[in-house]
Amino acid sequence: MSTRTRIAFLKGHGTENDFVIVPDPENTLDLPPAAVAALCDRRAGIGGDGLLHVVRSAAHPEARDMAAEAEWFMDYRNGDGSIAEMCGNGVRVFVRYLQRAGHAAEGDLTVATRGGVKTVHIAKDGAVTVGMGRARLPEGDVTVSVGERSWPARNVNMGNPHAVAFVEDLAHAGSLYSPPPFSPASAYPDGVNVEFVVDRGPGHVALRVHERGAGETRSCGTGACAVAVAAARRDGVDPAVTGTPVTYTVDVPGGTLVITERPDGEIEMTGPAVIVAEGEIESDWLETFTS
């Protein structure tokens, strides 16, 4: 733990997927799972679906090999303190913080994540587009369940695992407070993000999501990408075959994301990112969770 008496933080959200942002360029803070969970606690902490630990890539052992490509590393943690590979909404908010802090400007930049280096574009209107990489579609049938209902799900990996189920009514997803059961267990040995999807119109879907380690959230960027890919394949569209990009509008509880899959397999996600507050964490309080 740093000897500073207070630790700076900010609060931001992308389509109401909200995050505690902790700038720590030289990676001097000790942020074990208990401390992250305390900061993300909505009653006893600041509150957030996850935490964005902002570190220079060269200062973090997991990102040093990406430092030549990306100056900044998004050390992302789920709300329960566990480590995650990637968070699409989180990248947009992360970049909005870099812009606010003077580390980035309108145009293109790169961000290191555990899911690899991501290319980002900040538009003049404030929208942020993130290159989310390519989807992988593991073979094998998957089923997800809520209560007495079960659905086949598409296994989509966006650097983190997703199970995408098309349903008649989003209410069928239930409370999403606890992880929906899935089978076979071998499909997702480390757990899974589960998306329940309904159609709104041509190229337009809506989802609810249970995020692994966070419960139901207002939005999930990688989930929206997984849903767009699953919807395209369900609709018989594969840009690698047609040679034409395909775009889906994806409504999430917290807003709208636009997802485009290109013929080379690259997926781009465009959406808003907002910083809503900044302040200081009492280090004495945080130290109770780090000792």
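Me: Buried means under 20% relative accessible area, exposed over 50%, and partly exposed in between (1.4 Å probe, protein chains only). Is I259 buried or exposed?
Reply: This is a predicted model, in which local features need pLDDT of at least 70, side-chain atom pairs count only at pLDDT 80 or more, and totals for chains, interfaces and linings use all residues. Residues are numbered from 1 along each chain as its sequence is written, and side-chain values use heavy atoms, with hydrogens and water left out. The relative accessibility of I259 is 2%, so this residue counts as buried.

Me: Which strand holds I259?
Reply: Strands (E, at least two residues) and helices (H or I, at least four) are DSSP runs, numbered from the N terminus. The run that covers residues 255-261 includes I259, and its label is β16.

Me: How far apart in space are I259 and E139?
Reply: In sequence, 120 residues separate I259 from E139. In space, C-alpha to C-alpha, the two are apart by 23 Å.

Me: What share of the chain counts as buried?
Reply: The chain is built with 5 helices and 18 strands. Along its principal axes, the C-alpha trace spans about 55 × 40 × 30 Å. Of its 291 residues, the share that counts as buried is 52%.

Me: How many aromatic pairs does the structure hold?
Reply: Rings of Phe, Tyr and Trp (its six-membered ring) pair if their centres lie within 6.5 Å; planes under 30 degrees apart count as stacked, over 60 as edge-to-face and the rest as tilted. By that rule, the number of aromatic pairs in the structure is 4.

Me: What kind of aromatic pair do W151 and F196 form?
Reply: The ring centres of W151 and F196 are 5.6 Å apart. Their planes make an angle of 75°, and the pair is edge-to-face.

Me: Why does the pair of W151 and F196 tie together parts that are apart in sequence, and how many residues apart are they?
Reply: W151 is part of strand β9 (residues 149-157), while F196 is part of strand β12 (residues 193-201). Both of these residues are buried.

Me: N27 is not a glycine; what is its phi?
Reply: N27 sits in the loop between β2 (17-23) and α1 (33-40). With a relative accessible area of 24%, N27 is partly exposed. Its phi is positive, at about 60°.

Me: L176 also has a positive phi of about 60°. Is L176 buried or exposed?
Reply: L176 is not a glycine either. Its place is the loop between β10 (161-166) and β11. The relative accessibility of L176 is 3%, so L176 counts as buried.
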